[in-house]
Amino acid sequence: MKNNNVITPSLRDTVTDVPRAALECLSLGWSLRGLNSLRDGDGHPVVVIPGFGGGDGSTYLMRRWLSRRGYNSLGWGLGRNFPRGSIRSIEEALSFRDDQVRRLAQQLDTVQAQYGEKPSLVGWSMGGLYACEIANQFPEQVQRVITLGTPHGDPRNTAAWRLMKAFYRSETSDDEQDVSGWLSQNRPTQRAVPIYVIFSHRDGLVHPSAAGLNHAAARHIRVDSSHVGFTANPRVYQRLAAILATKM
C-alpha cells in the first residue's frame, strides 16, 4: 500500500517530547489542589492500559489520582506491553496486537465479575488501539473508551514507526508495507460504546493526521501535551475527569 503523503511530527516536537513531559510532571504537582477539587467519581472501575513498551508503572500517577477521585482505578495487569520476539512487519505487529487484545479481554471478564459493572478503558498510545478493539469486539464489557495520543491512522505518520524500524532493524521499505489490515482494525463498527479521542497537536511521536478516529462514535478533544507526558499532564486530567463524570 503505497503512501506518498507520509507526514511525521516535527523534529522539534520529537526531540523535545521527553523534556516537555518532565515539565508536565512538575506542573501536575503544582496543579493537584485544583485537580483534587474536581467532581468525585462514582466508584466504577477504570482500567488504564499502557503504551507500547510500558507497564503499569508508567500509568501509576494517573491511576493513583483516579483512585483519589473515587474510582476503582486498575492497571491492566499484563506486565510490559512488549513482544518477546522481534517485529519486522505489519503482519507480525498485528499478531502481537491481537494476542494482547485477547489477553486483555480475559482480564476485563475478571474486572466486571469483581466489581459488578462495566469498566471504562483509558488507553495510552498503542493501549488505546487495544481499548478500541475490545469495545468493537466485546461492547458488553466496556462502559466507555478514552484514548490518549493513540495512532488511530496510518502508523507511518508517526515518529514511532521510524524508531521501531531502527530498533528491529527492519529492511522492508515503507511502500512495501501493507498497512490495510492494521487500518481496518482501527475502525470500530459498534456505536454502543462512546469513544473519546484525546490528542495533541504537539505530540512528538504521533502526527495529528494519524491521531484522529474517523467514526461517528468518536469525540475528539485536543490538548497541549507531549506524547510521553499524556499520563501526567494536568490538562489531560481535567478532560479525563469531565469524561468519566458523564452519565451513560
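Start by selecting R69: at 7% relative accessibility it counts as buried. Here buried means under 20% relative accessible area, exposed over 50%, and partly exposed in between, with a 1.4 Å probe and protein chains only. The model is predicted: local features need pLDDT of at least 70, side-chain atom pairs count only at pLDDT 80 or more, and totals for chains, interfaces and linings use all residues. Residues are numbered from 1 along each chain as its sequence is written, and side-chain values use heavy atoms, with hydrogens and water left out.

**Salt bridges**

D40 and R69 form a salt bridge, with the closest N and O atoms 2.6 Å apart. The term needs a side-chain nitrogen of Lys or Arg within 4 Å of a carboxyl oxygen of Asp or Glu. D40 lies in the loop between α2 and β1, and R69 in the loop between α3 and β2, so the pair ties together parts that are 29 residues apart in sequence. Helices (H or I, at least four residues) and strands (E, at least two) are DSSP runs, numbered from the N terminus. D40 counts as exposed, at 54% relative accessibility.

The structure holds four salt bridges. Go to R20 and D17 for another: its closest N and O atoms are 3.6 Å apart. The two residues are three apart in helix α2 (residues 17-35), about one helical turn. Both R20 and D17 are buried.

Next, select D99 and R102. Their salt bridge has its closest N and O atoms 2.4 Å apart. Both lie in helix α4, three residues apart. D99 is partly exposed at 32%, and R102 is partly exposed at 44%.

**The sheet**

Show the strands. Six of them form an open sheet in the order β2-β1-β3-β4-β5-β6, with parallel pairing. Two strands pair if DSSP finds at least two bridges between them. The edge strands are β2 and β6 (218-223), each pairing on one side only. Neighbouring strands are turned by 20 degrees against each other on average, direction ignored. Axes are lines fitted to C-alpha atoms, for helices over the stretch in contact; angles run from 0 to 180 degrees between N-to-C directions.

Contact means heavy atoms within 4.5 Å. Helix α4 lies across β1, β2 and β3, at about 160 degrees to β1.

Move to β5 (residues 195-200). β5 and β6 pair in the parallel sense over six bridges. I198 stands opposite I221 in β6.

**Aromatic rings**

There are four aromatic pairs. Rings of Phe, Tyr and Trp (its six-membered ring) pair if their centres lie within 6.5 Å; planes under 30 degrees apart count as stacked, over 60 as edge-to-face and the rest as tilted.

Select F52 and F96. Their centres are 6.1 Å apart and their planes at 85 degrees, so the pair is edge-to-face. F52 is in the loop between β1 (45-49) and α3 (60-68), while F96 is in helix α4 (residues 90-115). F52 is partly exposed at 28%; F96 is buried at 11%.

Then pick W76 and Y130. This pair is stacked: 6.2 Å centre to centre, 10 degrees between the planes. W76 counts as buried at 2% relative accessibility, and Y130 as buried at 0%.

F52, F82 and F96 form one aromatic cluster.
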